[in-house]
Amino acid sequence: MDRLRTCLTCGREASRALLLRFVVAPDGRVLPDVLGRAPGRGLYAWPAAACIEGMGRSPRFRKAAAGVRAVLDAPAAITAAQAQIAAR
């Protein structure tokens with residue numbers, strides 16, 4: 001059974017398969033990881049624009065990304081996630 005993950009924006013729990021995974025790149029950018037293979041701690045959000053756009057303002061996001069200077073460009077993250085999903 002898949003462990004539940006929590007959306008960093010709204011706090012709702014779901015399986016990994018339903019949420020979109022993000023990772024913090026070495027340069028601090030928050031990037032989508034649709035395949036779930038990128039190294040680093042996973043940050044999860046619902047694949048809805050509202051949750052992705054609100055992620056950078058969430059206290060849960062700041063706590064999960066503690067120790068790194070994470071920068072979320074929501075429009076770029078949404079575009080990249082859509083491209084990764086289409087390529088899958």
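Let's start with Asp27, which is exposed, with a relative accessible area of 52% (exposed means over 50%, buried under 20% and partly exposed in between, using a 1.4 Å probe and protein chains only). Asp27 forms a salt bridge with Arg29, and their closest N and O atoms are 2.7 Å apart. A salt bridge here is a side-chain nitrogen of Lys or Arg within 4 Å of a carboxyl oxygen of Asp or Glu. Arg29 is partly exposed, at 45% relative accessible area.

Before going on, keep in mind that this is a predicted model: local features need pLDDT of at least 70 and side-chain atom pairs count only at pLDDT 80 or more, while totals for chains, interfaces and linings use all residues. Residues are numbered from 1 along each chain as its sequence is written, and side-chain values use heavy atoms, with hydrogens and water left out.

How many salt bridges does a search of the whole structure find? There are two.

An open sheet of three strands has the order 4-3-5, with antiparallel pairing; two strands pair if DSSP finds at least two bridges between them. Strand 4 and strand 5 are the edge strands, each pairing on one side only. Three bridges join strand 3 to strand 4, and Val23 stands opposite Leu31 in strand 4.

What about the greasy part? In soluble globular proteins, nonpolar side chains tend to be buried together. The largest nonpolar core here has 22 residues, and Phe22, Met55 and Phe61 have the most contacts inside it. Such a core is a set of buried Ala, Val, Leu, Ile, Met, Phe, Trp, Tyr and Cys residues joined through side-chain atoms within 4.5 Å. At least two residues of this core come from each of strand 3 (20-24), strand 5 (43-45), helix 1 (49-55), helix 2 (59-64) and helix 3 (74-87). Leaving aside neighbours within four places in sequence, Phe61 is in contact (heavy atoms within 4.5 Å) with Leu8, Val30, Leu43, Met55, Gly56 and Ala70.

Notes. Helices (H or I, at least four residues) and strands (E, at least two) are DSSP runs, numbered from the N terminus.
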